[in-house]
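The following note collects points for a colleague who is examining the structure below. Please read it alongside the sequence and the coordinates.

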Amino acid sequence: MDFEDILSKLKETLKNVDTEHQINEVKAEYLGKKGCITALYSKMKDLNNDEKKEFGLKLNNLKSQATQFIDLKKEEILNENLNRKLKNESIDISLPATEIKLGAPSILEKIVEDIEELLMSMGYDVVDGPEVEKDEYNFEMLNLPKGHPARDAQDTFYVEGEELLLRSQTSPVQIRSMLAGEGKVPIRMICPGKTYRRDDDDATHSHQFMQIEGLLVDKNISLSDLKGTFDMIAKHLFGEDCQTRFRPSYYPFTEPSVEMDISCHHCKGKGCSICKNTGFITVSGAGMVHPNVLKNCGYDPKEWSGFAFGFGAERLAMIKYGIDDLRVFYTNDLRESSEFDRKEAN
Ligand code: DAH
């Protein structure tokens, strides 16, 4: 085969080559150690000097042309590979972005934190108590002996016999705080926490709900201290124009007992369907700690006095955020919390 034939055969072959592997094989076939062009160099030894010179020149020329063709083809293939890869990996920047859902704090937690923050600034401790509680602390030491009619209002889940229960109120934490206080004053505590009652769930009842208990014991504490404290909490949560009032009530563990009302957040006290045209909404039970309760916990009622209150956390959140169904808090629908978060930001 003469040199021209070798070159044209190479060109023909290259037309059908389209992978990097194939081009490497062609290169080896022509220019490798055992390649057909390389083999031609061995013919030199049979030639005389003049022929060698001419043959050598032509052979070098052939080799450099073949190298050029192969290298060009290789570059072409590598470029094509790169372009294909880039195309496959390309990002369509006109596509709408994936929506990132931002979480929002639970509105119940926010109410609790709001109250905690205010009362901590007034020297209160935030304490915790067990949800599985002794009957003794949940009722008995709170002046509610077995058979007391007021127990019926708190239809209770008993856990073991008659002595262990799921606490039906956070008030047993008052007992725990006073026992831990060992007769020392002042006691200033709040306890937010879950409570349980055998209620059927509906828009206004839940078998699990949240209370925020408060207790203060010291010297010369009176109902006006309770009123002042309640007033601060109400204004902190609902704004400076929020009015408060007490109504007489009955709880076995306080004497006197009161219901604490705030002026209706919606009609500003004018009267609407939410406040049933009274202009006020009840948010908490409260009163002066009953002398029996102080005594039960080792505090002499002649020397010390105190007040206590128990807010319904869901009730506060419902009023503040205009929610009319208690189940919203327990269905874990994230849209709800972000919705209320947005409303508040606006
Ligand atoms: N524990 C009461 C309840 O669940 C609420 C309450 C009323 C708490 C008066 C108090 C209080 O601390 O003084 O209905």
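How many positive and negative side chains does the chain have, and how far apart do the centres of the two sets lie?

1. Charge. The chain carries 45 positive and 60 negative side chains, with the centres of the two sets 6 Å apart. Lys and Arg are taken as positive and Asp and Glu as negative, while His and the chain ends are not counted. Each charge is placed at NZ of Lys, CZ of Arg, CG of Asp or CD of Glu.

2. Basis of the model. The model is predicted: local features require pLDDT of at least 70 and side-chain atom pairs pLDDT 80 or more, whereas totals for chains, interfaces and linings use all residues. Numbering runs from 1 along each chain as its sequence is written, and side-chain values use heavy atoms, with hydrogens and water left out.

3. Overall form. The chain contains 11 helices and 10 strands, assigned as DSSP runs (helices H or I, at least four residues; strands E, at least two) and numbered from the N terminus. The radius of gyration is 43 Å, well over the 20 Å that the globule rule gives for 346 residues, so the chain is more spread out than a compact globule. Here the radius is taken over C-alpha atoms, and the rule is 2.2 Å times the number of residues to the power 0.38. Along the principal axes, the C-alpha atoms fill a box of roughly 135 × 45 × 40 Å.

4. Of the 346 residues, 40% count as buried; the cut-offs are under 20% relative accessible area for buried, over 50% for exposed, and partly exposed in between (1.4 Å probe, protein chains only). Among contacts (heavy atoms within 4.5 Å) with a separation of 6 or more, 66% come from residues 24 or more positions apart.

5. Nonpolar cores. The largest nonpolar core has 44 residues, and I262, F309 and F311 have the most contacts inside it. Such a core is a set of buried Ala, Val, Leu, Ile, Met, Phe, Trp, Tyr and Cys residues joined through side-chain atoms within 4.5 Å. Elements supplying at least two residues each include strand 6 (208-218), strand 8 (254-263) and helix 10 (313-321). Helix 5 gives the most, with seven residues. A second, separate core of 22 residues includes L165, V173, M189 and L294.

6. Beyond residues up to four places away in sequence, F309 touches, among others, L119, I190, I212, L226, I233 and M260. F209 is placed in strand 6 and counts as buried at 14% relative accessibility. Its contacts, leaving aside neighbours within four places in sequence, include S168, Y196, R197, E314 and Y330. F209 and Q169 are 40 residues apart in sequence but 9.4 Å apart in space, C-alpha to C-alpha.

7. Backbone geometry. Most residues other than glycine have a negative phi, and most peptide bonds are trans. Against that background, a cis peptide bond joins V185 and P186, with omega about -5 degrees; P186 is in the loop between helix 7 (172-181) and strand 5 (187-196). The bond from E255 to P256 is also cis, with omega near -5 degrees, and P256 lies in strand 8.

8. K268 is partly exposed at 47% relative accessibility, and K276 is exposed, with a relative accessible area of 70%.
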